[in-house]
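Hi everyone, thanks for making time.

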Amino acid sequence: MPEYIPMREVTHSDYKEFLKTHDHVVIENVKVALPKEHKITKFAPTEFECTKCKARYRPKPPKICNCAMKENLTPDEIKKLLELPNEKKFVLVEYEKETTTAWSFPDRGDWATHIGNYRGNWSPYIPRNLILRYTKEGDLVLDQMVGSGTTLVECKLLGRRSIGVDINQDAIMVTRNRLDFSPPPDYTFPSGEKYQEPKIETYEGDARNLNEVPDGKVDLIATHPPYASIIPYSKQRVPGDLSSVHDIAEFAKAMRIGADQSYRKLRPGGHCAILMGDTRRHKHFVPITPRVLQSFLDAGFILREDIIKMQWKMKSTRERWRGKNYDFLLIAHEHLYVFRKPEKGEKMSQFKESMKWQ
Ligand SMILES: C[S@@+](CC[C@H](N)C(=O)[O-])C[C@H]1O[C@@H](n2cnc3c(N)ncnc32)[C@H](O)[C@@H]1O
């Protein structure tokens with residue numbers, strides 16, 4: 001097996017040292033600021049419920065709920081409704097996790113330190129949903145391709161211990177920067193429990209060699225690898241960066257090694273969620289997601305969910321092709337696979353159709 005760099009911890013004091021000489025890093029030609037202080041206005045996603053029909057809206061309520069539209073109101077009645085203060089029409093409610101296999105987050109999510117300026121970062125709604133569905137407070141979450149730290153910020157807000165790894169030291173500095181905040185004194189967990197800061201560790205390292213992560217102890221892996229070379233994060237500057245791998249077979253091999261590591265680090269019964277996309281070359285579809293699915297099934301996982309995630313504002317397809325007439329379709333979705341590591345002694349034959357096929 002080829003040698004991959006061992007993990008090296010990057011602590012909060014390492015980050016503070018880095019800040020003395022840097023106020024930004026450059027990731028994929030984009031300058032990402034490392035502000036000394038974050039101005040945070042909200043610490044959780046906002047969702048509003050219509051007081052009449054209970055329909056939910058986020059991140060803001062509309063001026064008038066759809067239910068009013070169905071009531072054949074007179075223009076005067078509509079005018080009156082529009083003049084009513086929002087608090088009379090809608091109440092702020094706890095964010096409710098997704099319940100279907102189609103996810104779409106057009107507003108991305110901008111609570112806490114979440115900001116979409118790390119190319120290809122995932123919407124915080126994704127790790128929030130995974131954490132709420134597959135873990136409880138105090139559990140351990142791993143993101144071994146942590147990028148700007150979206151998963152770890154959600155762990156911090158939801159009280160899950162977490163470990164973040166990235167091949168690029170600059171990404172870890174962005175992660176550390178995004179974690180550099182404290183929730184207000186009256187902040188509570190969604191369960192109503194008083195807030196206690198969970199332990200969070202960050203490492204520079206390769207997802208194919210997670211030597212500092214204890215075997216069999218991770219409750220949830222929530223990670224978002226590069227989609228081969230669609231977004232070249234370090235332009236081959238960082239050895240081991242999988243976003244420099246153009247050949248899909250080679251990329252699939254790397255994913256297979258990553259899948260074995262994930263399997264080893266998870267506890268029996270733990271979940272592993274991977275967001276992956278496909279691409280197009282010479283006007284033809286290049287399937288990457290089925291190969292990633294196969295890598296994780298080959299490693300011994302059971303497939304629990306295949307979630308279709310709609311893509312918004314993507315630079316790789318929509319922006320580049322917008323307004324032009326091409327004879328192919330824009331790729332506007334990704335797959336979020338959720339795998340489960342079997343429990344010890346579990347009767348596996350019942351899951352055989354959700355596992356590796358011959
Ligand atoms: C799609 S981004 C992750 C974005 C992240 N979910 C966020 O919200 O910011 C993929 C990350 O994988 C990292 N990466 C590439 N190859 C890696 C490897 N071999 N091991 C660990 N991280 C790697 C890149 O540096 C990049 O930050």
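**A walk through the fold**

Let's start with the sheet: 9 strands make up an open sheet, ordered β1-β10-β9-β8-β11-β12-β16-β15-β7, and the pairing is mixed. At the edges sit β1 (8-9) and β7, each pairing on one side only. Before I go on, this is a predicted model, where local features need pLDDT of at least 70, side-chain atom pairs count only at pLDDT 80 or more, and totals for chains, interfaces and linings use all residues. Residue numbers start from 1 along each chain as its sequence is written.

A quick word on terms. Strands (E, at least two residues) and helices (H or I, at least four) are DSSP runs, numbered from the N terminus. Two strands pair if DSSP finds at least two bridges between them.

Now zoom in on the β7 end. Strand β7, residues 102-103, pairs with β15, residues 302-310, in the parallel sense over 2 bridges. There, W103 stands opposite K309 in β15. On to β15 and β16 (residues 333-340): these pair in the antiparallel sense, over 8 bridges.

Strand β4, residues 47-50, pairs with β6 in the antiparallel sense over 4 bridges, and E47 stands opposite V93 in β6.

Two backbone details are worth a look here. In the loop between β4 and β5 you'll find K54, and its phi is near 70°, a positive value in a residue other than glycine. Then R58 and P59 are joined by a cis peptide bond, with omega about 0°. P59 lies in the loop between β5 and α2 (66-69).

Okay, helices. How do α5 and α6 cross? The axes of α5 (residues 125-134) and α6 (residues 150-158) come within 9 Å and cross at roughly 45°. Axes here are lines fitted to C-alpha atoms, for helices over the stretch in contact, and angles run from 0 to 180 degrees between N-to-C directions. From α5, P127, R128 and I131 make the contact, and from α6 it's T150, T151, E154, C155 and L158. Contact means C-beta atoms, placed from the backbone, within 7 Å.

Next, α8 (residues 248-265) and α9 (residues 289-298): their axes come within 8 Å and cross at roughly 35°. The α8 side of that contact has I248, A252, M255, R256 and A259, while α9 brings R291, V292, S295, F296 and D298. Back at the 9-strand sheet, α8 lies across β8 (140-143), β11 (218-223) and β12 (266-276), running at about 145° to β12.

Last stop, the ligand. Which residues are closest to the ligand? They are N121, M145, G147, S148 and T150, out of 24 that surround it, counting a residue as near if its C-beta atom, placed from the backbone, lies within 6 Å. That shell divides into 11 nonpolar, 10 polar and 3 charged residues. Nonpolar means Ala, Val, Leu, Ile, Met, Phe, Trp, Tyr, Cys and Pro, charged means Asp, Glu, Lys and Arg, and the others, Gly among them, are polar.

Methods
Contact = placed C-beta atoms within 7 Å.
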